[in-house]
Amino acid sequence: MNIVGIIIGACTFLIIGLCHPLVIKGEYYFGTRIWPLFLIAGLVCIISALFIQQILISALLAVAGFSLLWSIHELFEQKKRVEKGWFPANPNKNSPKK
């Protein structure tokens, strides 16, 4: 019996589940200006996946990489959701500096 596919599926579910709060908290505290961090992390994961021989680790790095790249889109969508009032805005983020 080969359970690698089941493990990849379960870990994919967890990776996507972890990216969701990262986007929400990232937008709350830093706004959309953190998108380059998601880009760099995603590309590092994807490029690393190309050089890893072990299929499980390679697949999970690829899933994480593409999830991080998708998080860039979700970061800008989260900004729109905050503007619509669906999520709370950080009152300290846009306040003028004293």
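The model is predicted. The protein has 3 helices and 0 strands. Its mean pLDDT is 93.

**Fold**
- Along the sequence, the pattern reads α-α-α.
- Helix α1 covers residues 4-30.
- Helix α2 covers residues 35-51.
- Helix α3 covers residues 55-83.
- Take the contacts between residues at least 6 apart in sequence: 70% of them join residues at least 24 apart.

**Confidence**
- Of the residues in the protein, 95% reach a pLDDT of 70 or more.
- Confidence is highest in helix α2, with a mean of 98.
- Confidence is lowest in helix α1, where the mean is 96.

**Dimensions**
- The protein has 98 residues and a radius of gyration of 16 Å.
- A compact globule with that number of residues would have a value near 13 Å.
- Along the principal axes, the C-alpha atoms fill a box of roughly 60 × 25 × 20 Å.

**Surface and charge**
- The accessible surface comes to about 7,000 Å².
- Carbon and sulfur atoms account for 72% of that surface.
- Buried residues make up 30% of the 98 residues.
- The protein carries 9 positive and 4 negative charges.
- The mean positions of the positive and negative charges lie 8 Å apart.

**Glu27, a buried residue in helix α1**
- Glu27 is part of helix α1.
- Its relative accessibility is 5%, so Glu27 counts as buried. The cut-off for buried is under 20%.
- Leaving out residues up to four places away in sequence, Glu27 touches Leu75, Gln78, Lys79, Val82 and Lys93.
- Among these partners, Leu75, Gln78, Lys79 and Val82 fall within the span of helix α3, residues 55-83.

**Arg81, a buried residue in helix α3**
- Arg81 sits in helix α3.
- Arg81 has a relative accessibility of 18% and therefore counts as buried. This value is also under the 20% cut-off.
- Its contacts are Glu74, Trp86 and Phe87, again without residues up to four places away in sequence.
- Of these, Glu74 falls within the span of helix α3, residues 55-83.

**To take away**

Technical notes: Residues numbered from 1 in each chain as written. Predicted model: local features only at pLDDT ≥ 70, side-chain atom pairs only at ≥ 80, totals over all residues. Heavy atoms only, no water. Helix = DSSP H or I, 4+ residues; strand = E, 2+ residues; numbered from the N terminus. Buried < 20%, exposed > 50% of the residue type's maximum accessible area, 1.4 Å probe, protein only. Contact = heavy atoms within 4.5 Å. Rg over C-alpha atoms; globule rule 2.2 N^0.38 Å. Areas by Shrake-Rupley, 256 points an atom, 1.4 Å probe, with all protein chains shown as cover. Lys, Arg positive; Asp, Glu negative; His and termini not counted. Charge placed at Lys NZ, Arg CZ, Asp CG, Glu CD. pLDDT = per-residue confidence, 0-100.
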